[in-house]
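Subject: The structure for you to look at

Hello,

Here is the structure I promised to pass on. Please open it beside this message, and my notes follow below.

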Amino acid sequence: MADAFAVGVAKELNRQQRFDVVHHVTYTSIHVPTQLWRLGVPTVFGPVGGGQTAPPSMLEYFGPSRRSEERRTLLTRALPYSPFHRRWLAKMSRVLAANDDTLELIREMGRPDVQLQFDNGVGVDYLAPGPRSFKGSSAVRLIWVGRMLPRKALPMALDALAKVTHDWMLTIVGNGIAEAEVRQMIAERELTGRVHWAGRRLSWDEVRAAYLEHDALLFTSLRETSGVQLLEAMALGLPVITLDLHGARDVVPDEAGIKVPVTTPAEVVCALASAIDRFASMSVEQKNAMSRAGWEFARTSTWPMRAAAAELLYREISAGDAK
């Protein structure tokens, strides 16, 4: 309904002033293709995600949401057989995928010309002046950022931390679960006193300040298009400890963090714990190198650079349409 209303508004605007290109950038999911091609104007769709699915072996971390996640997986895998989605995608002048999983799915849906383009950016003023300069520390300071949705797998992060041998502390930034439940998760794993949580949603400035007070981002999402937290952390010089999965696999340079293979829950928990211990044992020089790799990547992902790439794409489409 909302999309139909948007198309109606767009048609009226197009009658008032003819558009050269239409770019749909909302709903970043391949499940909901845009209808703006109905304007009869070259249309760009994306960067779009949604082609990634949670690993079946890790569904126990979804709890009561497991059935819903399984249904979503079935729907996603059925998309290549949907004549409606194939027809809609065929109408687009360009299709941009935000991660490799979605790119491969869109190819299966009949668009072999789909291009990979990450969907997140950071402001130039958000970037740290330079990468982090680590110093010797007795405890590794980790930060976990995000809404506490089942797919974000906060319990898995806590399970891993319970097995870490080095001294550590974790700050959780986010909400979405009742405070009593979060406190219980922490207490059940005997992590009280080492895990800090404000119990509320923090402001933008507070989140940025929290990144700067920590050594690394711990990112455990089991289904994620890209994860803006990853780019935010790297822009401020934080190395990333994450799963080798979906957006994290694609966005985080290999030199900017540690990526853990996804196998079974027990193995992933142990591998995450080992990754944290490995990071804690690294030399200052190794941590500094990780910080620089992430920060350098973030410098290529600012919003002005994203805008410049979009403008170049629009010119290419307009020039091709004029021939």
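Which elements do the buried residues of α8 pack against? They pack against β5 (140–145), α7 (204–212), β8 (216–219), β9 (240–243), α9 (246–251) and α11 (284–299). Here buried means under 20% relative accessible area, exposed means over 50%, and partly exposed is in between, with a 1.4 Å probe and protein chains only. Helices (H or I, at least four residues) and strands (E, at least two) are DSSP runs, numbered from the N terminus. Packing rests on contact, that is, heavy atoms within 4.5 Å.

Before the details, a word on the basis. This is a predicted model, in which local features need pLDDT of at least 70 and side-chain atom pairs count only at pLDDT 80 or more, while totals for chains, interfaces and linings use all residues. Residues are numbered from 1 along each chain as its sequence is written, and side-chain values use heavy atoms, with hydrogens and water left out.

The overall picture

The protein has 12 helices and 10 strands. Its radius of gyration is 21 Å, close to the 20 Å that the globule rule gives for 323 residues, so the protein is as compact as a globular protein of that length. That radius is taken over C-alpha atoms, and the rule is 2.2 Å times the number of residues to the power 0.38. Along the principal axes, the C-alpha trace spans about 65 × 45 × 35 Å.

Of the 323 residues, 52% are buried. If you take the contacts between residues at least 6 apart in sequence, 66% of them join residues at least 24 apart. The accessible surface comes to about 15300 Å², and 54% of this belongs to carbon and sulfur atoms; the areas come from the Shrake-Rupley method with a 1.4 Å probe, and for residues only the protein chains shown count as cover.

Helix α8 and Gln229

Back to α8, where seven of the eight residues are buried. These are Gln229, Leu230, Leu231, Glu232, Ala233, Met234 and Ala235. After the helix comes Gly237, with a positive phi near 85°.

Gln229 is worth a look of its own. With a relative accessibility of 6%, Gln229 counts as buried, and α8 itself covers residues 228–235. Beyond its neighbours within four places in sequence, Gln229 is in contact with Val145, Gly146, Lys152, Tyr211, Leu217 and Phe219. Its side chain reaches the backbone oxygen of Val145 at 2.9 Å. This is a polar contact: a pair of N or O atoms within 3.5 Å, where within protein one must be able to donate a hydrogen and the other to accept it, and residues adjacent in sequence count only if both atoms are side-chain atoms. Trp144 is 85 residues from Gln229 along the chain, yet their C-alpha atoms are separated by 9.0 Å.

Leu272 sits in helix α10 (residues 265–281) and is buried, at 1% relative accessibility. Not counting residues up to four places away in sequence, Leu272 touches Met156, Ala160, Leu218, Thr220, Ile241, Leu243 and Val260. Ala157 is 115 residues from Leu272 in sequence, and the two are 7.9 Å apart in space, C-alpha to C-alpha.

Is Lys259 buried or exposed? Lys259 counts as buried, with a relative accessibility of 19%, and belongs to strand β10 (residues 257–260). A polar atom of the Lys259 side chain lies 2.5 Å from the backbone oxygen of Val252, and this side chain also makes a polar contact with that of Asp254, at 3.0 Å. With residues up to four places away left out, the residues that Lys259 touches include Thr242, Leu243, Asp244 and Ala248.

Backbone points to check

Most residues other than glycine have a negative phi, and most peptide bonds are trans.

- The peptide bond from Gly46 to Pro47 is cis, with omega near 10°; Pro47 is in strand β2 (residues 43–48).
- Glu190 has a positive phi of about 60°. Glu190 is in the loop between α6 (179–188) and β7 (195–197) and is exposed, at 72% relative accessibility.
- His246, in helix α9, has a positive phi of about 50°. His246 is buried, with a relative accessible area of 2%.

Best wishes
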